Amino acid sequence: MKNCCIALFLFLFMNIHAQNPIDDFKKMSETNPNQALQSWEKVYQNADSKDKINTLLYVSQAYLLTGDHKKGMVFINRAENESGSINDPAVTSDVLLHKSGTYAVMGLFAEAEQYAREGLETAGKIEDPKIKNKMTGDLYYQLALYDILQKKTEKPAALLNKAFKFYKESGLSEREKLLRYSTGYYNLGSIYLDTKKDSAYYYFEKTIQLPDISSNPFILNLSYNNLGVLEYQKNNLNRALDYLNKATSYLQKVKDPNLSTNYALLSSIYDKNGNQDKALFYKKKQEEFEKTLNGSQKEAVKYAFSSLEKSRQETEAKAVRFKMILIGACVLFTILLCIVLYYNRQKNKKQKFLYESIIKKLETKAISDDQGPNFPSKQVKEMNIPEVREKDILEKLRKFEETEKFINPKLSLSLLASQFNTNTNYLSEVINSSKGKNYNTYINELRIDFICSKIINDPAYRNYKISYLAEACGFSSHSVFATNFKNITGISPSDFIKQTKEKKELIY
């Protein structure tokens, strides 16, 4: 990962706008840095002012490639000093890009970021829009790679997206764009491998989908291999097999260290799929390849594979646990559903029974009223109430019930007694003996019977609010009405209305 990023820094150093005759020197500094260091002075002496600066930057690059960071920094500083006399923001921003990358190669990321920010400020002054966009894109690219190298996962994606936005208007060749896009996406995927596997998968997949990505086989096949690793960790063995097989040939060709993990995973997958011949074949391949690795590389490979296998097993165990939890939840849900359905069925049966009881009560009451008054006077006579007075009160009670004066919310025992021209004691005793209940219960039952009849016989009442029904039959509040309705009938007003609607629908 680190080597890949360092290589990219050096790749970005090639963005100097060089013209002949130093193109050959530029190529030499990349492919044969030692030879370039022996011949640079002659190239420098024959160059104009801008190409002198370019030459110094190429010399710095050659020193970096040979591992001499100190001399690389010396020539960067020399190029920076000479650029000050030219007053060309394109050249100055190139030098700052170089200097930023050099500090990053040495691990001095705070300084590297500082020079990249200075480079962005200078690039903003470039007049040529294509050069400006190209330089700005490369500087944002650098900043993204610094975060990647430091394993900072918060900002690199946003920085790379900024870089890609500028590249679209930069005049870069398709080849140059591909190198930047593919390396950027691959590096993003790499930093998320251990922390955000879904994000890693997204960027590796984005890499392999780039147009002409086959022209960058190194990034393409490493992306295939990492996708195979991620699918293996998710226990998607067939998809893992497909990706790993795509990467194997190239990894064999370049003898990449990832080949050992590739072989190990292939062996494991074929073993799990029951193909023992291929499992043994790749196991031997892995052993043969590891013989070519040094001790530290072998330990790294061994650790990597054991981590992958542990991750896969954990995923498999999670899947089993999830399945058991899901089954348990389904069983529990089924039991609860059965309980709820049974409860609702029993409740509905009870409501229907209570509803029918109310209907019978109202019908019985209607028949009783049609047959005339009934005077059960035995208990009253024991109270020494004159028979004539008793019959008079009972007759007045019958007429009182027919006139529906009981829905008056201000009605009281004393008010009713005065209307009957009797005293409260007589009236209370007659109600108790003839109705079998006290005054309050008697009046409340009349009101509830009244509103039940209205609900049954008048469709409009089935759509009224409970508060209106309470007021319509003389109760002072919604809650008092609902309490008395439930106490007297056994069901709530809303359930009574529901039962009435259902019965009427069946009839019609």
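**Close-up 1. Cysteine 452 is buried in this predicted model.** Its relative accessibility is 0%, so cysteine 452 counts as buried. The closest cysteine sulfur belongs to cysteine 473. The two sulfurs lie 8.9 Å apart, too far for a bond. A disulfide would need the pair within 2.5 Å. Across the whole structure, the search finds zero disulfides.

**Close-up 2. Cysteine 338 is partly exposed.** Its relative accessibility is 47%. Partly exposed covers the range between the buried limit of 20% and the exposed limit of 50%, so cysteine 338 falls into that class.

**Close-up 3. Helices H9 and H10 pack with their axes within 11 Å.** H9 spans residues 156-167, and H10 spans residues 174-191. The axes cross at roughly 170°. That angle makes H9 roughly antiparallel to H10, because angles over 145 degrees count as roughly antiparallel. From H9, the contact takes in Pro156, Ala157, Leu160, Phe164 and Tyr167. From H10, Lys177, Arg180, Tyr181, Gly184, Tyr185, Leu188 and Ile191 take part. By class, the contact of H9 with H10 has nine nonpolar residues, one polar residue and two charged residues.

**Close-up 4. Asparagine 235 has a positive phi in a loop between two helices.** The loop runs between helix H12 (217-233) and helix H13 (237-254). Phi of asparagine 235 is near 70°. This is a positive value in a residue other than glycine. At 25% relative accessibility, asparagine 235 counts as partly exposed.

**Close-up 5. Asparagine 421 has a positive phi and is exposed.** Phi is near 55° in asparagine 421, again a residue other than glycine. Asparagine 421 sits in the loop between helix H19 (413-419) and helix H20 (424-435). Its relative accessibility is 64%, so asparagine 421 counts as exposed.

**Close-up 6. Alanine 110 of helix H7 is shown with tyrosine 146.** Helix H7 covers residues 109-123 and holds alanine 110. Along the chain, alanine 110 and tyrosine 146 are 36 residues apart. Alanine 110 has a relative accessible area of 59% and is exposed.

Definitions and conventions
Residues numbered from 1 in each chain as written. Predicted model: local features only at pLDDT ≥ 70, side-chain atom pairs only at ≥ 80, totals over all residues. Heavy atoms only, no water. Axes fitted to C-alpha atoms, helices over the stretch in contact; angles between N-to-C directions. Helix = DSSP H or I, 4+ residues; strand = E, 2+ residues; numbered from the N terminus. Parallel < 35°, antiparallel > 145°, perpendicular 65-115°, else oblique. Contact = heavy atoms within 4.5 Å. Nonpolar A, V, L, I, M, F, W, Y, C, P; charged D, E, K, R; others polar. Buried < 20%, exposed > 50% of the residue type's maximum accessible area, 1.4 Å probe, protein only.
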